[in-house]
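Here is a friendly briefing to read alongside the model. Please have a look at the sequence and the structure before going on.

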Amino acid sequence: MRNYYLGIVLSCTIMNLPAAGQTLSVTGLRTEYQKNPMGIDAAAPRLSWKINSSERNVMQRAYQIRVGTDSAALLTGKSVVWDSGTQQSDASVFLRYAGSALQSNTRYYWQVKVKDNQDHESAWSAVNSWHTGLFNPAEWSAQWITSSMADTLVGPSPIFRKVFSTEGRVKSAMLYITAHGLYEAQLNGKRVGQDHLAPGWTSYEKRLLYQSYDVTGLLKNGQNAIGFTLGDGWYRGYLAFEGKRGFYGKHLSGLVQLVVEYTDGTKKVINSDQSWKYSTGPVRFSDLYNGEVYDAKYEKPGWSTVNYKDADWKNVQVIPAGKEALESSISPLARKHEEFSVVKLIKTPKGETVLDFGQNVVGWVSFKLSGKAGTYIQLEHGEVLDKAGNFYDANLRKAKQHVKYIFKGSGLESYEPHFTYQGFRYVKLTGNIAKIDPSSFKAIAVYSDMDPTGTFKTSNPLLNQLQHNIQWGQKGNFMDVPTDCPQRDERLGWTGDAQVFFRTAAFNMDVAGFFTKWMKDVASDQLANGSVPFVVPNVLGEGAAGSTGWGDVATIIPWNMYVAYGDQQILATQYPSMKSWVDFMTGKSKNDLWNTGFHFGDWLFYHPEDDNDGRAAITDKYLIAQAFYAHSTQLLINSAKVLGKKADEEKYTELLDRIKKAFLKEYITPNGRMVSGSQTAYVLALNFDMLPENLRQQAVDFLVTNIESYGNHLTTGFLGTPYLCHVLTRFGRTDVAYKLLLQETYPSWLYPVKMGATTIWERWDGIKPDGSFQTTGMNSFNHYAYGAIGDWMYRVMAGLDTDESAPGYKKIIISPQPGGKITHAAAQLETLYGLTVSDWKIENGVFKLKVVIPPNTTAKIKLPGAAGTMVTESGTALKNIKALGKISNQGNDIEFNAGSGTYQFEYAIKL
Ligand code: BGC
């Protein structure tokens, strides 16, 4: 019975391998972005696939999809519930299921075959599947159950169990589960699934996600036992910086529905209900910020097995909590990923025993240790050591990050935390630590289980470390929601941070599901007047909303999702939210000028402590507000165009014109100077097209002069930084962008790298040149916002981008822009169509560019400094290469279109 489905899928894969000599095949099938997802609740899920071919210039000409509920029958074309028929189309992503209505709790199998433009036909692809969740809240027959001690706000984790029997040959068993709080489920003594911190964090009152697990392989014939443990988590634990807990409720409770289907087609449903029992276990305290206390003497070995004696367990209480807010999980939950060993065991000057894991990581420490019964070991987690080399955790503010394990004294005891996570590189040990063997400890990175999609490498080791830091900033802060930081008493879904980092994030990892989920919460937490909260889920209250640059998450992320994935549905879903954010700004404006309300402004811009001569790079907050008002309106217009909303397109185009006029009148002198002369002011005005053409060149000159006046240093904060290098590139000053990127002294991206950072810091000078720290009140060493430069590194330096008119890399732009004495830069990106690569080197004055364009896409390739030189592709003169379009000169560069394939260009570069 175990892995019954996997077996079928594997055998199908083998049966469908392309025949020898066949050049076309279909792989990488996805349903709603996911591979064989469980619990899909979309009525018409969208199907996507990738095409493999050994030829160049391959485009899909036609496809055929078939779907059935019996995988074996599907292979022979029988029992098909939907056959798309042969469709003449080059669409290979987001094809909607269009068969008869889908049933709940059912697995659908599908496969696809394609024809290309060179008269090849693929075989049917391997069979993939999706499984449907419970479409209707009324299908939940389970009841919410709780323990009687559930309303004590601090207490041990309750554990719940139930024994049941199966009465026939089991065909499948699906577990639907969620909790008020966090849960970990077990079946017959085995953990269910690999997810952590489930059910994740949403605006629980409005949307609570449930997970679906195929537990067929965990079930036995006859008697079985199921159980789960609950922890406080986001639901009941500490949240935000005001020391409050119990934000969503006081009662931890669980909801479990196990649907067993027998081979004869009959079903049995095991529900959480009055018949369950509860007790408490070894997790005596748990909290996301403050850690966990685990007392091993309270362990109840075998508590989720049939034979466990539960006579002293109590009856649960059923509570009348609703099920209307239940929705299926559509995004990857947090899972364990990389492991780190201790790189150094440190005795600090203060005499502390500290483990150094070499990487600022987010997750937890697992260990195997022995100790006498009743003795304990405590792990205190911190990100940095202070100047003197002592353990430092003052920047965590009220978050304790302490994990305490009390030994039962049974020899080697293994442990890792359950309902908490820490941001740390260093761990201070106290308690029973007479003999410490560093190999007993491992740091485990835990983050939302997104597939890595992008890599970026250069010839400069400092830039490579910067890319590493950006990726680790992303890993550490993509914990079911995009958090600002993973360590102090905050860890909230700050909207501004998320929007500035989105494009970079979408290069590094597949963030489609992650942001589809979170943007739903952005929309559901949006206020009635259209204002967008500072944090989502909003735990700061209705007053904490409406800041420019933060609220614009409502328009910026959906639009960029569309650009990065070509996903129109996200635009359609978020459109009302986008529109009401723009309307909110209009409502707050007078004479088309938005100059009211509270704004964070260009958060954490350069601001020297002894600013006697006005070097602080302050930008007028209302100037920023007006610029983002225009930007959001532009993105709304773009979206209206894509969605065919003509009336809106016209209405908001007129509005945009008035917003820009009001900006000019208020913030630009007749000679074209801006009232704030900061880099951010010029960057926003240029990036969002706020200035008429005739004033732009001069503004670029002001910007460059400003940068030079700071000795080629940036001075931008959260809002200016993402666009700074892009603006310089757009206006022909990539040379200055490289100077900023390669700057090693404060303020710059490489200064923290030189100071030993392994993640992106919140502030340009988290650690000052003399080794002292910035203010303890706000000094995170793992904050991704300034990592937004990653987008420029991929798109400009390596030169890998998508054309917005054919987004999601249907039309790829390859346009590397070398500079700054860099001799090599390479980006790879796994797009929805397949792998694309832009990889350049300069060797002895010869520019060598490797390009990979996946089948069913085309590219526009621009070769820098190639005009008038002899360019070859894999040794053949360019003009003789068939897969390339007409070659045209663009100043110093040449440009041409290319079909899919791998290319190797070479020429003597003139720069
Ligand atoms: C967070 C930020 C956030 C900011 C608002 C901070 O406490 O850590 O990253 O965007 O507040 O300005």
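pLDDT is the predictor's confidence in each residue, from 0 to 100, and contact means heavy atoms within 4.5 Å. This is a predicted model, in which local features need pLDDT of at least 70, side-chain atom pairs count only at pLDDT 80 or more, and totals for chains, interfaces and linings use all residues. Residues are numbered from 1 along each chain as its sequence is written, and side-chain values use heavy atoms, with hydrogens and water left out.

**Confidence**

- The chain has a mean pLDDT of 95, with 97% of its residues at 70 or more.
- Residues 1-20 stay under 50 in pLDDT, and the model gives them 23 contacts beyond four places in sequence.
- Where pLDDT is low, the predicted coordinates should not be read in detail.

**Around the ligand**

- Asp-484, Arg-488, Glu-490, Trp-494, Asp-497, Trp-550, Phe-600, Trp-603, Phe-718, Glu-762 and His-783 surround the ligand (each has a heavy atom within 4 Å of it).
- By class, this shell holds five nonpolar, one polar and five charged residues; Ala, Val, Leu, Ile, Met, Phe, Trp, Tyr, Cys and Pro count as nonpolar, Asp, Glu, Lys and Arg as charged, and the others, Gly among them, as polar.
- Ligand oxygen atoms lie 2.7 Å from a side-chain N or O atom of Asp-484, 2.6 Å from one of Arg-488 and 3.5 Å from one of Trp-603.
- On its own the ligand has 310 Å² of accessible area, and the protein covers 96% of that (Shrake-Rupley method with a 1.4 Å probe; for residues, only the protein chains shown count as cover).

**Thr-555**

- Thr-555 sits in helix H7, residues 553-565; helices are DSSP runs of H or I with at least four residues, numbered from the N terminus.
- With a relative accessible area of 0%, Thr-555 is buried (buried means under 20%, exposed over 50%, partly exposed in between, with a 1.4 Å probe and protein chains only).
- The side chains of Thr-555 and Ser-632 make a polar contact of 2.7 Å (a pair of N or O atoms within 3.5 Å; within protein, one must be able to donate a hydrogen and the other to accept it, and residues adjacent in sequence count only if both atoms are side-chain atoms).
- Beyond four places in sequence, Thr-555 also touches residues including Met-578, Trp-581, Val-582 and Leu-635.

**Leu-695**

- Leu-695 belongs to helix H12, residues 693-709, and is buried at 14% relative accessible area.
- Leu-695 and Ile-668 are 27 residues apart along the chain, and their C-alpha atoms are separated by 9.9 Å.

Methods. Helix = DSSP H or I, 4+ residues; strand = E, 2+ residues; numbered from the N terminus.
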